[in-house]
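Open the model in your viewer and keep a selection tool ready. The stops below go from single residues to the whole chain.

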Amino acid sequence: MLSVSQTVERRATRATFPNMKHSTKKRLALLILIVGLPLYAASCLYAISLWTDAFGRPNLWVELVIYVVLGLVWALPFRSVFRGVGQPGPGEPPIDKR
């Protein structure tokens, strides 16, 4: 039976980008968070403003559901990039949790 750390490590290595170095994966995740996420948020706000101009503002609960769904949808394509980024890379010393 695998321990929790072995399971996490095994899941972290089963990514869509198996040939990518851990440091490259960290840089790509940082680029996505710093550049991609604000661009996605701005484009979502623009799309919703177009919707409100054309059809009027939706009910408060509908608007809340739209924002929650849009807030979760951005991460789905990038799950494999973010998986295992917080873990130490191969050959790096383990993180000291004091």
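Select Arg57 to begin: its relative accessible area is 63%, so Arg57 is exposed, where exposed means over 50% relative accessible area, buried under 20%, and partly exposed in between (1.4 Å probe, protein chains only). This is a predicted model, in which local features need pLDDT of at least 70, side-chain atom pairs count only at pLDDT 80 or more, and totals for chains, interfaces and linings use all residues. Residues are numbered from 1 along each chain as its sequence is written, and side-chain values use heavy atoms, with hydrogens and water left out.

Glu63 forms a salt bridge with Arg57, and their closest N and O atoms are 2.9 Å apart. The term salt bridge stands for a side-chain nitrogen of Lys or Arg within 4 Å of a carboxyl oxygen of Asp or Glu. How many salt bridges does the structure hold? The structure holds 1. Side chains of opposite charge can pair when their charged atoms come close.

Stay on Glu63. Glu63 counts as buried because its relative accessibility is 11%. Glu63 sits in helix α3, residues 60-73; helices (H or I, at least four residues) and strands (E, at least two) are DSSP runs numbered from the N terminus. Apart from neighbours within four places in sequence, Glu63 contacts Arg57 and Pro58, a contact being heavy atoms within 4.5 Å.

Next, select Trp51 and Phe55 and display the rings. By the ring-pair rule there are 2 aromatic pairs. In one of them, the rings of Trp51 and Phe55 have centres 4.5 Å apart and planes at 50°, so the pair is tilted. The rule takes rings of Phe, Tyr and Trp (its six-membered ring) with centres within 6.5 Å, and calls planes under 30 degrees apart stacked, over 60 edge-to-face and the rest tilted. Trp51 and Phe55 are separated by about one helical turn because they are 4 residues apart in helix α2.

Move to Trp74 and Phe82. Their ring centres are 6.1 Å apart and their planes lie at 80°, so this pair is edge-to-face. Phe82 is partly exposed, with 24% relative accessibility.

Leu30 belongs to helix α2, residues 22-55, and is partly exposed at 49% relative accessible area.

Finally, show the whole chain. The chain has 4 helices and 0 strands, in the order α-α-α-α along the sequence. Of its 98 residues, 16% are buried. The chain exposes about 8000 Å², of which carbon and sulfur atoms supply 66%; accessible areas come from the Shrake-Rupley method with a 1.4 Å probe, and for residues only the protein chains shown count as cover. Among contacts between residues at least 6 apart in sequence, 71% join residues at least 24 apart.
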